[in-house]
Amino acid sequence: MKEFILLVRLPLEYGADQASAVRAQWTVVTDQWKSDGLFVTSFVFPGESHIISNGGNLSKGPATSDNRRLISCIVLKAADLKTALALANKCPVLAQEGMIEVREIMPRVLQ
């Protein structure tokens, strides 16, 4: 099994009401992934970001792309990318104009 990271991006105006609307659906999906031995971990990114750019410039606020902000990531096990994409397609925020980016995690060899 390989590990994949699902980067969850939501519209900038996404708020607590939308999150509440899918909370139960998220619980069902993550409980199933846990039951199947696929769920590794997840992280939620509350609050604002502190972004350091070239030259040590610091700014505060969400890092955005296509009018969406990164709000969490989920690490799952899957046999291959096709399977990881099928798992990502179960994320309930997709119905709320959310976007899931799927990447394979490449282990680093420490020397």
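Visitor: Hi! Is Asp66 buried or exposed?

Guide: Asp66 is exposed, with a relative accessible area of 60%. Exposed means over 50% relative accessible area, buried means under 20%, and partly exposed is in between, using a 1.4 Å probe and protein chains only. One heads-up: this is a predicted model, where local features need pLDDT of at least 70, side-chain atom pairs count only at pLDDT 80 or more, and totals for chains, interfaces and linings use all residues. Residues are numbered from 1 along each chain as its sequence is written, and side-chain values use heavy atoms, leaving out hydrogens and water.

Visitor: Okay, and where is Asp66 found?

Guide: Asp66 is in the loop between strand S5 (64-65) and S6. Helices (H or I, at least four residues) and strands (E, at least two) are DSSP runs, numbered from the N terminus. Asp66 also has a positive phi of about 55°, although it is not a glycine. Most residues other than glycine have a negative phi.

Visitor: Which phi does Glu97 have?

Guide: Glu97 has a positive phi of about 70°, and it is not a glycine. You'll find Glu97 in the loop between H2 and S7, and it is exposed, with a relative accessible area of 56%.

Visitor: Let's zoom out. How many helices and strands are there in the protein chain?

Guide: The protein chain has two helices and seven strands. Going along the sequence, the pattern is β-α-β-β-β-β-β-α-β. The C-alpha trace spans about 45 × 45 × 20 Å along its principal axes.

Visitor: What share of the residues is buried?

Guide: Buried residues make up 30% of the 111 residues in the protein chain.

Visitor: And which residues have the most contacts inside the largest nonpolar core?

Guide: Those are Leu6, Trp33, Ile74, Val93 and Ile100, in a core of 22 residues. The elements giving two or more residues to this core are strand S1 (2-11), helix H1 (16-35), strand S6 (68-78), helix H2 (81-88) and strand S7 (99-104). A nonpolar core here is a set of buried Ala, Val, Leu, Ile, Met, Phe, Trp, Tyr and Cys residues joined through side-chain atoms within 4.5 Å.

Visitor: New topic: how much space lies in the largest pocket?

Guide: About 450 Å³. On a 1 Å grid over the protein atoms alone, a pocket is an open set of points where a 1.4 Å probe fits, with protein on both sides within 12 Å along at least five of seven lines, and lining residues have an atom within 4 Å of a point. Grid points are joined across faces, edges and corners, and the volume is the space filled by probe spheres set on the points.

Visitor: Which residues are closest to the centre of that pocket?

Guide: Of the 22 lining residues, Ala19, Trp26, Val44, Ile71 and Ser72 are the closest to the centre. H1 gives the largest share of the lining, seven residues.

Visitor: What about Ser72, where does it lie?

Guide: Ser72 lies in strand S6 and is buried, with a relative accessible area of 9%. Leaving aside neighbours within four places in sequence, Ser72 is in contact with Leu6, Leu7, Val8, Phe43, Val44 and Phe45.

Visitor: Last one: how far apart are Met106 and Phe4?

Guide: They are 102 residues apart in sequence and 8.7 Å apart in space, C-alpha to C-alpha. Met106 is in the segment after S7 and counts as exposed, at 58% relative accessibility.

Terms used
Contact = heavy atoms within 4.5 Å.
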